[in-house]
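Look over the sequence and the model first, then read on.

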Amino acid sequence: MIDMEKQLESGKIFPLVIKLTIPAVIAQLITFLYNIVDRIFVAKIENVGMDALAALGIVLPVTLIITAFAHFIGLGGSPRASFKLGEGDKAEANKIFNTSFVLLTIIGVIISIITFFLAKQIVILFGAPLSCVEYATSYLKIYSIGTVFVLLAQGLNPFITAQGYSFVAMCSVLLGAVLNIALDPLFIFVFKMGVNGASLATIISQLISFVWIIVFFYTKNSIFKLKFSDMKLHIKRILSILSLGLSPFIMAVTECAIQIVFNINLNISTNGNKDYTAALTIMLSALQLISLPLNGLGYGMQPFVSYNYGKGNAERLKTGIKYVTIIAFIFAVIVWVISLAVPEIYAYIFSASDSVRAICKAYTPFFLMGSIMFFVQMTLQNINVALGQTKSSLLLAVTRKVIILIPLCFTLTHFMGFKGVYLSEGVADLVAGVITSIVIFVTFPRIFKKRQAEVLSEQQGFQNEGEINGNKTFN
C-alpha cells in the first residue's frame, strides 16, 4: 500500500492513469458480459426465447435497483475512505469501510425479503406483457435469495479499487462472469431449468465473487480490514457516506425508473406485443456496452482523483483528468459510429427473431444517437463524485433522467406511439450531455483552486503553530 500511495502522489501521471483505468474498464466490460449472458442464453430457449428475453428485460430494473444501493454505499464510502487515506487518517478510513459493510448487509436482507414475497406484483407493476409474467416472477424469486451477496460483492469492490488495486477488483468481477458463463448453459439447457437456471447461475456466481473479495480484505496487501470494533454505526459517518453516494444512487435509480417507464409505454402503445419489449432489452444492452466502460474510466480514476484532491495537488488533478477525458471521448466516438452504422449487430448477438431484428435495425440509431455524450455523463460525472461534489453530481444525475427523459418519453409516445419510446432516449442524452459538459468544464477549475488554497492555508497554520511552540520552548 505504501508504494501505491507514492504512485498516487508522485508517480508519472499517464502510465498511472492507464494502470488504474484499464483494469476498471475491463471490469466494466466483464460486468456488461455478466449482465447480458443470461439474456443471450435465455433467448435461445426453444419456442419461448423471445418471451424469456422480454421477461429478463422486465426484471432488469429490479437488478438495477440492487446495483443502485450497492453504488449508494460503495461509491459513497470508497471516495470518503480515499480522502482519509490522502489526509493520513487510516483509522477513520477503516471505520468508513466497516460501516459500509454493515449498511450493505442490512439493505441486502431487506431487499431480499421484499423481492421474494412481492415478485409477481413487482413484475406486473413494471409493465410485463402477460406472456412474460410467469418467467419474470420465477427469475426474480430465485435472484432475491442471493441479493445480499450481490450487494456485498458490488458494494465492497470499490474499496479494493480505492486502494489502487484495480487489477484485483477486475479479477473479482471476472471470476463471477466466467462462472456465470459456465453455469448458464449447464442449468438452462443440460438441467432444463430454463429461466430459473439463468437466475440460479447468477446468484451462485455473485456468491463466489463475494468470497473472493472478503478473502482479499484479510490479506496483508489490504489496508482495509473487517473489524467488529469498527462496525459500530455512527450517524455522522453514515451521513457522510450517503451524501457522497447519493449521486450514483440517483443515477442508478433513475435508470431503473426510465426503464420501467419505457416498458409501461411500450406495453400500452403496442397492446402488449413482446417483440417491442425484447427489442428494447437488446437496445438497453447496447447502451450498457457504451456506458459501462466509460463508467469504468471514471471509477478507475477515483483513487487518483480523491487522493490528490485530499492533497490539494491541482496541477496533478488537471493533467490526470485531461488524459482520461481524451481516452473517454475517443472510445465514445468509435462505439457510437459503429452502433449507428450497423445497428442490427446487437440483434444478431441475441439470436433475435426476424421481427425483433427489424425493430432493432430501424430504431437503434435513434435510441443511441445521444450516447456520444457519455464520455462526459459517465466518466467525468464519476470524477465529479470523486471530488466530493455532492450537490452538482446529484443535480446532473436528476437532470438527465427525471427532468428530461421521463417527461419526454411520455410526451413523444403520446404523439408518436411506440417510436417515441426509442427516440426519447437519444434526444435526452444529447441535451443532458451538453448541460453536463457546461457545468463540469466550468466548475472543475474552481474546485481545484479552492482545494489547493484550503490545503495551503492548513499547512501555513501548522507551520505558524510549530513556530510558536518552538519559540515557547526556546524561551
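Asn271 is exposed, with a relative accessible area of 74%. Buried here means under 20% relative accessible area, exposed means over 50%, and partly exposed lies in between (1.4 Å probe, protein chains only). This is a predicted model, in which local features need pLDDT of at least 70, side-chain atom pairs count only at pLDDT 80 or more, and totals for chains, interfaces and linings use all residues. Residues are numbered from 1 along each chain as its sequence is written, and side-chain values use heavy atoms, with hydrogens and water left out.

Asn271 sits in the loop between α10 and α11. Helices are DSSP runs (H or I, at least four residues), numbered from the N terminus. Asn271 is not a glycine, yet its phi is positive, at about 55°. The residue comes just after α10.

Lys192 also has a positive phi of about 55° without being a glycine. Its loop lies between α8 (166-190) and α9 (195-217). Lys192 is exposed, at 69% relative accessible area.

## A kinked helix and a buried serine

Where does helix α10 kink? The kink, of about 45°, is at Leu246.

Helix α11 spans residues 274-311 and holds Ser291. Is Ser291 buried or exposed? Ser291 is buried, with a relative accessible area of 11%. Leaving aside neighbours within four places in sequence, Ser291 is in contact with Phe374 and Met378. Contact means heavy atoms within 4.5 Å.

## Salt bridges

How many salt bridges does the structure hold? There are eight. A salt bridge is a side-chain nitrogen of Lys or Arg within 4 Å of a carboxyl oxygen of Asp or Glu. Three of the pairs are set out below.

| Pair | N to O distance |
|---|---|
| Lys84 and Glu87 | 3.5 Å |
| Arg400 and Asp429 | 2.8 Å |
| Glu454 and Arg451 | 3.3 Å |

Arg400 and Asp429 link distant parts of the chain. Arg400 is in helix α16 (residues 390-416), Asp429 is in helix α17 (residues 419-474), and the two are 29 residues apart. Both ends are covered: Arg400 is buried at 8% relative accessible area, and Asp429 is buried at 0%. Arg400 and Asp429 also belong to a network of salt bridges with Lys401 and Glu425.

Lys84 and Glu87 share helix α3 (residues 49-87). They are three residues apart, so about one helical turn separates them. Lys84 is partly exposed at 25% relative accessibility, and Glu87 is partly exposed at 47%.

Glu454 and Arg451 are in helix α17. They too are three residues apart, which means a separation of about one helical turn. Glu454 is partly exposed, at 31% relative accessible area. Arg451 is buried, at 10%. An α-helix has 3.6 residues a turn, so residues three or four places apart point the same way.

## A nonpolar patch

Which residues make the nonpolar surface patch? They are Ile106, Val109, Ile110, Ile113, Ile114, Phe116, Phe117, Leu118, Ile145 and Leu233. The patch covers about 910 Å². Areas come from the Shrake-Rupley method with a 1.4 Å probe, and for residues only the protein chains shown count as cover. Patch residues have over 30% relative accessible area and no salt bridge; nonpolar side chains (Val, Leu, Ile, Met, Phe, Trp, Tyr) are joined within 5 Å, and like charges within 9 Å.

Helix α4 (residues 90-117) gives the most to the patch, with seven residues. Ile114 is in helix α4, and it is partly exposed, at 43% relative accessibility.

## Cysteines without disulfides

A search of the whole structure finds zero disulfides. A disulfide is counted when a pair of cysteine sulfur atoms lies within 2.5 Å. Cys256 is buried, at 4% relative accessibility. Cys171 is buried as well, at 17%.

How values were computed. Bend = angle between axes of the 7 residues up to and from the residue.
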